[in-house]
Amino acid sequence: MSTRIAFLKGHGTENDFVIVPDPDNVIDLPAAAVAALCDRRAGIGADGVLHVVRSASHPEALAMAAEAEWFMDYRNGDGSVAEMCGNGVRVFARYLRRAGYVGAGDLAVATRGGVKTVHIAKAEGAGHEGDITVGMGKALLPGGDVTVTAAGRTYPALNVNMGNPHAVAFVDDLAEAGDLFSAPAYAPESAYPDGVNVEFVVDRAPRHVGVRVHERGSGETRSCGTGACAVAVAAARRDGVDPALTGEPVTYTVDLPGGRLTVTEHPDGHVDLTGAAVIIAEGEVELAGLSVISG
Ligand SMILES: N[C@@H](CCC[C@H](N)C(=O)O)C(=O)O
């Protein structure tokens, strides 16, 4: 049986995705197929897959269907599922706009981390360019002492949950994290029963940081939207800034290897993430012909 499917490739600050349009949720996408699509040598190559499904057609999104027509069924490059992807949801919106499914303005998108509102600027038409902003909801700071270890050094980290789990460590130099070919260790393990995304952060200027990230399920990536939000909130608290207390929003510029993201935390706790989201290719792929090259 042919398992030929249409796909697109897109990225947000070089956090790249294979987009699989499947409004009626008829494509079988087990973890192995996702990993094969994301394989950078034997597949299309990506950090993750954005499976584009109508909420009413997906059991995990049915309860959100009245609020959000579309569900971002996000998968990491190893095939695992994640609650949220900040760059992914912006690229997801770019796809929907480009395909003519939605207009400019505000768009509600269902995710495993709840319904998010994406803003697509009206001036853009159906083009591929321009920044897209997503309301990421509130950061949760579960508390407790957490450490991460990379390249033989252990750092205190802040536990930040953006729908998905993050450990944010401030370092003197991003090179200290080493090659990040394997996941940093963390402690205590009970802080992150489902694994964690780890961010290493340096200061570049007031309210401006540089970041490297090791993502759960994908390895080191060129950018991470939820990670940028976790970092901005961690940096604000470290800097003694809490919009809930000052009544003023605070904005951090977050530079990652793949580009710049802007994060604003508002007095009500809501966090906005802004950055580029582009579609760069489209085509067809025979799923049955793919395999994963290990190592
Ligand atoms: N790159 C994403 C985050 C994707 C999910 C993450 N790897 C996880 O497992 O939580 C982003 O832009 O937020």
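Domain 1 (4–130 + 277–289) and domain 2 (146–276) both contribute residues to the shell around the ligand, so the ligand lies between them. The model is a predicted one. UniProt, in an unreviewed entry, places the feature "active site" at Cys-85 and Cys-224. Although spread over 140 residues of sequence, these positions cluster in space, with a largest C-alpha distance of 7.7 Å.

**Ligand shell**

- Of the 18 residues around the ligand, Ala-82, Asn-87, Asn-164, Gly-225 and Thr-226 come nearest.
- Two helices, α2 (86–98) and α3 (225–238), each supply at least two residues of this shell.
- The most is given by α2, with three residues.
- By class, the shell around the ligand has three nonpolar, 13 polar and two charged residues.

**Active-site positions from UniProt**

- Cys-85 sits in the loop between β4 (70–76) and α2.
- Cys-85 counts as buried because 30 C-beta neighbours lie inside 10 Å, where 20 or more are needed.
- Not counting residues up to four places away in sequence, Cys-85 touches Gly-48, Tyr-74, Gly-225 and Thr-226.
- Two of these contacts, Gly-225 and Thr-226, are also among the residues that come nearest to the ligand.
- Cys-224 is in the loop between β14 (219–221) and α3.
- Cys-224 has 35 C-beta neighbours inside 10 Å and therefore counts as buried.
- Leaving aside neighbours within four places in sequence, Cys-224 is in contact with Asn-15, Asn-87, Asn-197, Val-213 and Glu-215.
- One of these contacts, Asn-87, is likewise listed with the residues that come nearest to the ligand.

**Domains and their contact**

- The chain is divided into domain 1 (4–130 + 277–289) and domain 2 (146–276).
- The centres of domain 1 and domain 2, taken over C-alpha atoms, are separated by 23 Å.
- The contact between the domains takes 21 residues from domain 1 and 23 residues from domain 2.
- On the side of domain 1 that touches domain 2, α2 gives the most, with three residues.
- That side of domain 1 has five nonpolar, eleven polar and five charged residues.

**Overall fold**

- The secondary structure of the chain comes to four helices and 18 strands.
- The radius of gyration of the chain is 18 Å, which agrees with the value near 19 Å that a compact globule of 295 residues would have.
- Along the principal axes, the C-alpha atoms fill a box of roughly 55 × 45 × 30 Å.
- Of the 295 residues in the chain, 44% are buried.
- Among contacts with a separation of 6 or more, 64% are between residues 24 or more positions apart.

**Backbone exceptions**

- Most residues other than glycine have a negative phi, and most peptide bonds are trans.
- The peptide bond from Ala-187 to Pro-188 is cis, with omega near -5°.
- Pro-188 is located in the loop between β11 (185–187) and β12 (197–205).
- Thr-13 is not a glycine, yet has a positive phi of about 45°.
- Thr-13 is in the loop between β1 (4–12) and β2 (15–21), and counts as buried with 25 C-beta neighbours inside 10 Å.
- Ala-151 also has a positive phi, near 50°, and lies in the loop between β8 (146–150) and β9 (153–161).
- Ala-151 is exposed because 11 other C-beta atoms lie within 10 Å, and the limit for exposed is 12 or fewer.

Terms used: Residues are numbered from 1 along each chain as its sequence is written. This is a predicted model: local features need pLDDT of at least 70, side-chain atom pairs count only at pLDDT 80 or more; totals for chains, interfaces and linings use all residues. The radius of gyration is taken over C-alpha atoms; the globule rule is 2.2 Å times the number of residues to the power 0.38. Two residues are in contact if their C-beta atoms, placed from the backbone, lie within 7 Å. A residue is near a molecule or strand if its C-beta atom, placed from the backbone, lies within 6 Å of it. Ala, Val, Leu, Ile, Met, Phe, Trp, Tyr, Cys and Pro count as nonpolar, Asp, Glu, Lys and Arg as charged, and the others, Gly among them, as polar. Domain bounds come from an automatic or database domain assignment. UniProt positions are given in the numbering used here, feature names are shortened, and annotations may be inferred rather than shown by experiment.
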